[in-house]
2 protein chains.
Amino acid sequence: MRNSNRQWILKRRPVGDIKPGDLELVEQPIPVPGPGQILVRTLYLSLDPTNRIWMSDMEQYMPPVNLGEVMRGGTLSVVVQSNNDGFQPGDVMNTFTGWQEYAVVDGGQKLPPGLPLPAYMSVLGATGATAYFGLLDLGKPKEGETVVVSAAAGAVGQIVGQIAKIKGCRVVGIAGSDAKCKHLVADLGFDAAINYKTTKDMRAALKRECPNGIDIDFENAGGEILAAVLDNLAMKARIVLCGMISQYNAQTPPPGPSLTNVLMKRARIEGFIIIDYLPRFGEFFAEMAPWVMQGKIKYDTTIVKGIENSLTALDMLFTGGNTGKLLIQMSEEPG
Amino acid sequence: MRNSNRQWILKRRPVGDIKPGDLELVEQPIPVPGPGQILVRTLYLSLDPTNRIWMSDMEQYMPPVNLGEVMRGGTLSVVVQSNNDGFQPGDVMNTFTGWQEYAVVDGGQKLPPGLPLPAYMSVLGATGATAYFGLLDLGKPKEGETVVVSAAAGAVGQIVGQIAKIKGCRVVGIAGSDAKCKHLVADLGFDAAINYKTTKDMRAALKRECPNGIDIDFENAGGEILAAVLDNLAMKARIVLCGMISQYNAQTPPPGPSLTNVLMKRARIEGFIIIDYLPRFGEFFAEMAPWVMQGKIKYDTTIVKGIENSLTALDMLFTGGNTGKLLIQMSEEPG
């Protein structure tokens, strides 16, 4: 192992697609923990569409990452050295230390045992909580309703669909390949899936798969997919606006969908950001952990090894290269 | 008075702006009431932006008016002849008999006394109820919040603003002339008003008048005005989507505003149609009637005389020719 701390630094705000030089991989000394502090080694880094938002200076829900700073990201880390009696070397915990191999922290949330570590970075982490609270709190699914999920094979989408099935809904996923669509239906229990890349008329396809209209749309995509969804709403539909990944690389925000049908169907579009629900994570964990342990909720992870691959891996989120949660494994799990 | 019943018939669905020949004024015999029925003479016809929707075959909240049928519209009528013991000639009542001078009905809602008849067609009718339930039920205004109203000098908008003032909000109106803006502030108690026709940068103007962001937007306009509003939302803002008059004459629905800020601000856009609230009109009337009688809520009416002027008068809604409620007076009130 290197005796250094590699970090990705935001050098300049990307314009459109992220370009070489927007972020730079640098090598720093491993930091030294002060009194009461803890040195952690990063095991896993969460890659999420919202990373692209944090790189920009658009109006957003957290301050953007400052130029010259380590790129922000959720992490899972192991304690290397501790000056805090509450933490011992080898302890594994949730951290938020960003795109770097080591960091000094004051504390962190230790993980309960029982599941592979990547589960705590996906279905039982912020990703799963996004699916859980977004669908249940804003979508309020009722038995027999029809739920559409875009980016359905993604980390959030696949959990949304499975929770909706538990709640007795008809679930239609939208994904970007036949393999993903097949996986959603055959392995994850979706009722139907639509490959938006090969479907010429998304409005007609949604109409076919949602003959009673769409009661809930869990929106991760935005753009043309959202427009097609809005044209198929059922009365009093709820659109959980969780993400609009189709637009994050746009240089100027494109116009949105016509809202005419939102008016006609008395529908509701509501923005959802998971940080509002941090105080309620216990509630989520208590219900989701048993579902995962009992196999009622499955999850995929796409794991790319090595901090040096973070930026190329991030691009998979925008090109559809991953299935389920996309993680960088920065170092080996403790034995 | 003519011994005939003039009616406006929908002959063909308008494409874009309404054109001569889309509707036709015809003359029919005055209908004869059967057993138990009532012949009424129309006093006032309500003209509303939604009339344009009813003429089209777009997906909408009621069936469109069929070709060859009398144009639909809310009316206030007086009983001419009654075969129903519950109604006497001279009784005035709410009806929904459309763009014609006479009609046969089975009944109607008689008006309580105490206010000029046009009040029952505006502030105390569906117009006032739209403002009342849209603002209070969906907008949920709290003291000190900032409320923006588009088409603020219109029939609904002016009532929305005044209710919001009663609830202790800062109220900013958007209207289409300096005279309307002055009226909103000087006579109706709005805190500020913006003339969208002379304001080059609506985003900047809204930012200036709403320094803490917009908590509630009561949306009647749509289009560029809505887009500028969305760029100035406060956290957890509510957009009451009541109308999008800027789009009703469009041949194809234009795209909507970018929803990025709805996501970032966890805002909510919700469609509102007054017919959902018909069962709760008693609740509305009980609170609004005293406000009107005590002068806490003022209202304007623009009254055009003569059924033959209905179509040219309707155009005022789209060009900004009216202030407050636009009515056609079809015949004289009973003495």
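Predicted model: local features only at pLDDT ≥ 70, side-chain atom pairs only at ≥ 80, totals over all residues.
1. Strand β13 (residues 268–271) of chain A pairs with β13(B). Three bridges join the two strands, and they run antiparallel. One of the pairings can be named: A:Glu270 has B:Arg268 as its bridge partner in β13(B).

2. The β13 pairing sits within an open sheet of 12 strands. The order is β10(A)-β9(A)-β8(A)-β11(A)-β12(A)-β13(A)-β13(B)-β12(B)-β11(B)-β8(B)-β9(B)-β10(B), with mixed pairing. β10 (192–195) of chain A and β10 (192–195) of chain B stand at the edges; each has a single partner strand, so one side of each lacks a neighbour in the sheet. From one strand to the next, the twist averages 15°.

3. Within chain B, look at strand β8 (residues 146–149) and strand β9 (residues 170–175). They run parallel and are joined by four bridges. B:Val148 is paired with B:Val172 of β9(B).

4. Which strands of chain A does helix α7 (residues 223–230) touch? The helix packs on the sheet against β8 (146–149), β9 (170–175), β11 (214–219) and β12 (233–241) of chain A. Its direction makes about 165° with that of β11(A). In chain B, helix α7 (residues 223–230) lies across β8, β9, β11 (214–219) and β12 (233–241). There the helix runs at about 165° to β11(B).

5. Now the chain interface. 28 residues of chain B are in contact with 28 residues of chain A. On the chain B side, α8 (260–264) and β13 (268–271) are the elements that give two or more residues. α8(B) gives the most, with five residues. By class, this side of chain B has 15 nonpolar, seven polar and six charged residues.

6. Helix α6 (residues 202–209) of chain B packs with α7(B). Their axes come within 9 Å and cross at roughly 50°, so the two helices are oblique to each other. The crossing of α6(B) past α7(B) is right-handed. From α6(B), the contact uses B:Met202, B:Arg203 and B:Leu206; from α7(B), it uses B:Glu224, B:Ile225, B:Ala228 and B:Val229. Five of these residues are nonpolar, none polar and two charged. Note that α7(B) also lies across strands of chain B, among them β11 and β12.

7. The domain assignment of chain A gives two entries: domain 1 (5–122 + 299–329) and domain 2 (126–276). Their C-alpha centres lie 28 Å apart. 18 residues of domain 1 are in contact with 18 residues of domain 2 in this chain. On the domain 1 side, α1 (50–55), α10 (310–319) and β15 (325–329) of chain A each supply at least two residues. That side has eight nonpolar, six polar and four charged residues.

8. How do helix α3 (residues 126–139) and helix α9 (residues 281–293) of chain A pack? Their axes are 10 Å apart, at an angle of about 95°. That makes α3(A) roughly perpendicular to α9(A). A:Gly128, A:Ala129, A:Tyr132 and A:Phe133 in α3(A) meet A:Phe281, A:Phe284 and A:Met288 in α9(A). The contact has six nonpolar residues, one polar and no charged ones.

9. Chain B has a corresponding entry. The axes of helix α3 (residues 126–139) and helix α9 (residues 281–293) of chain B come within 10 Å and cross at roughly 95°. α3(B) and α9(B) are therefore roughly perpendicular to each other. In α3(B), B:Gly128, B:Ala129, B:Tyr132 and B:Phe133 take part; in α9(B), they meet B:Phe281, B:Phe284 and B:Met288. By class, this contact divides into six nonpolar, one polar and no charged residues.

Conventions
Residues numbered from 1 in each chain as written. Chains lettered and ligands numbered in written order. Pairing = 2+ DSSP bridges. Axes fitted to C-alpha atoms, helices over the stretch in contact; angles between N-to-C directions. Contact = placed C-beta atoms within 7 Å. Nonpolar A, V, L, I, M, F, W, Y, C, P; charged D, E, K, R; others polar. Parallel < 35°, antiparallel > 145°, perpendicular 65-115°, else oblique. Left-handed = near helix turned anticlockwise from the far one by under 90°. Domains from an automatic or database assignment.
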